[in-house]
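User: I'm new to this one and would like a close look at its salt bridges. Could you walk me through them, and then show me what else sits around the structure?

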Amino acid sequence: MDVSIVGSGYVGTTVAACLADLGHRVVNVDVDEGVVSSLNDGVAPIHEPGLSDLVATHAGSRLAATTEYGAVRDTDVTFVCLPTPANDDGSINASVVESGMASLGEAIASTDGRHLVVVKSTVVPGTTEEVLRPAVERASGTVAGEDFDLVVNPEFLREGSAVADFFAPDKLVFGSPTARGHDALAAVYDPLFDRADGEIPVVQTGVREAEMIKYANNAFLATKLSLVNELGNVCKAYGVDAYEVAEAIGLDDRIGERFLRSGVGWGGSCFPKDVSALVAAAREVGYDPQLLEAAVAVNDEQPRRLLDLLAGRVDVPGARIAVLGLAFKPGTDDVRHSRAIPVIESLLDRGADVVAYDPAAAGNMRALFPDVEYAPSAAGALRGADGAVVLTDWEEFATLDGEFDAMASPVVVDGRRIVERREGIEYEGLTW
């Protein structure tokens, strides 16, 4: 098929490259000329394992990029992958995706045949029907269901494993008011079904249900993480190793072993935004989501607990503190809502001299904290440090050993259980 992707962020770029690898002819539409140029040069604009190879392989053949919305006229289907950032009250700001849908409507107004519009942007229930559909209809002078099909296909791609997740998804969710919409979207994924090792579960549901599934999915996972962090905090208070406890409870198939790693908390582009949006949406209809609010509160508390452990061993004002890990998770350069942000802010407020290191995300964090020193390696960050905090579980941190000997005071507070406890360092785990 000929496919267009509106938006070239983490989702849009990954979906575009993966669809091209499945054999579709794909064009990315983005307002950022730098991103467009990078894609056309065969260079992925983001750090994501496996993505660079796909972009380099297909650019100039099955993958192209442009700033012109008119490119969608030559395609059969358009995936809308535009951001829905949070307002100050936590609710979603749909203005970017609404504007993009209007531009899409103008572009498809003069097309022949039936166009399939696929919303992959994360929006609260009712947004597609009440905001996005009218935007396309007004701009195109056409009617959804008669002249074009509008469906919702939420993404469940984890940063750091997005390419692998695309080709081996836990599920695909197709939200459409008609069987025709479900069938049209299934046709796009036909090559994936053929390639998959085993059957891929497909959930065919309504538009609002598909919108809600994405929020429910992320809210459940975020709450599970906050619960295991809460349990970890209790374990720490009793001198109990929370990871041994988690290993045992994970054997219960009602609980499962995944998402039981307690630590400094969750961040990234999805969990914080989606949980806040769901809380705001619930309040809008008169429901007080107490459990979700508690999940957010526990998550916000973990960085402070980590710093309290550090302050118990190091006189922080005037101390040189190494911050190891800036990305919100390993395998990505994304620092959105990274737990390193509140930690660095608090260290600076307390008068510490911060030196930071991350194998991928230093450039992005520098934009937020330009005056912080950024070391070229973990060893460089640790050299002469009075203490260190570990905030991202990059695998290279697991192999650190002699580098700690170069610290002025070998105090290590580990928020991710990635550094091995050893003689010669004062090691403190956040929940163990």
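**Salt bridges and their surroundings**

Analyst: Let's start with a group: Lys 236, Arg 313, Glu 426 and Glu 428 are joined in a network of salt bridges. Keep in mind that this is a predicted model. Side chains of opposite charge can pair when their charged atoms come close. In the whole structure there are 26 salt bridges, and a few pairs are worth a visit.

Take Arg 25 and Asp 2. They form a salt bridge whose closest N and O atoms are 2.6 Å apart. Arg 25 belongs to strand β2 (residues 25-29) and Asp 2 to strand β1 (residues 2-6), so this pair ties together parts that are 23 residues apart in sequence. How open are the two partners? Arg 25 counts as partly exposed, at 45% relative accessibility. Asp 2 is partly exposed as well, with a relative accessible area of 22%; buried would mean under 20%.

Next comes the salt bridge between Arg 180 and Asp 149, where the closest N and O atoms are 3.1 Å apart. This pair also links distant parts of the chain: Arg 180 is in helix α7 (residues 179-188), Asp 149 is in strand β6 (residues 148-152), and the two are 31 residues apart.

Now for some nonpolar surface. Val 234, Tyr 238, Val 240 and Val 245 make a nonpolar surface patch of about 370 Å². One of them, Val 234, sits in helix α9 (residues 207-237) and counts as partly exposed at 44% relative accessibility.

A search of the whole structure finds 1 cavity of 30 Å³ or more. The largest cavity holds about 50 Å³ of space, and α9 gives the most to its lining, with 4 residues. Among the lining residues are Val 119, Lys 120, Val 152, Glu 211 and Tyr 215. By type, the lining of this cavity divides into 6 nonpolar, 2 polar and 3 charged residues.

One last stop is a loop. Gly 318 lies between α12 (290-311) and β9 (320-324), and Gly 318 is exposed, with a relative accessible area of 61%. In sequence, Gly 318 and Leu 348 are 30 residues apart, and in space they are 9.7 Å apart, C-alpha to C-alpha.

Note on methods:
Residues numbered from 1 in each chain as written. Predicted model: local features only at pLDDT ≥ 70, side-chain atom pairs only at ≥ 80, totals over all residues. Heavy atoms only, no water. Salt bridge = Lys/Arg side-chain N within 4 Å of Asp/Glu carboxyl O. Buried < 20%, exposed > 50% of the residue type's maximum accessible area, 1.4 Å probe, protein only. Patch = residues over 30% accessible without salt bridge, like charges linked within 9 Å, V, L, I, M, F, W, Y side chains within 5 Å. Areas by Shrake-Rupley, 256 points an atom, 1.4 Å probe, with all protein chains shown as cover. 1 Å grid on protein atoms, 1.4 Å probe; cavity = no way out; pocket = protein on both sides within 12 Å on 5 of 7 lines; lining within 4 Å. Points joined across faces, edges and corners; volume = space filled by probe spheres on them. Nonpolar A, V, L, I, M, F, W, Y, C, P; charged D, E, K, R; others polar.
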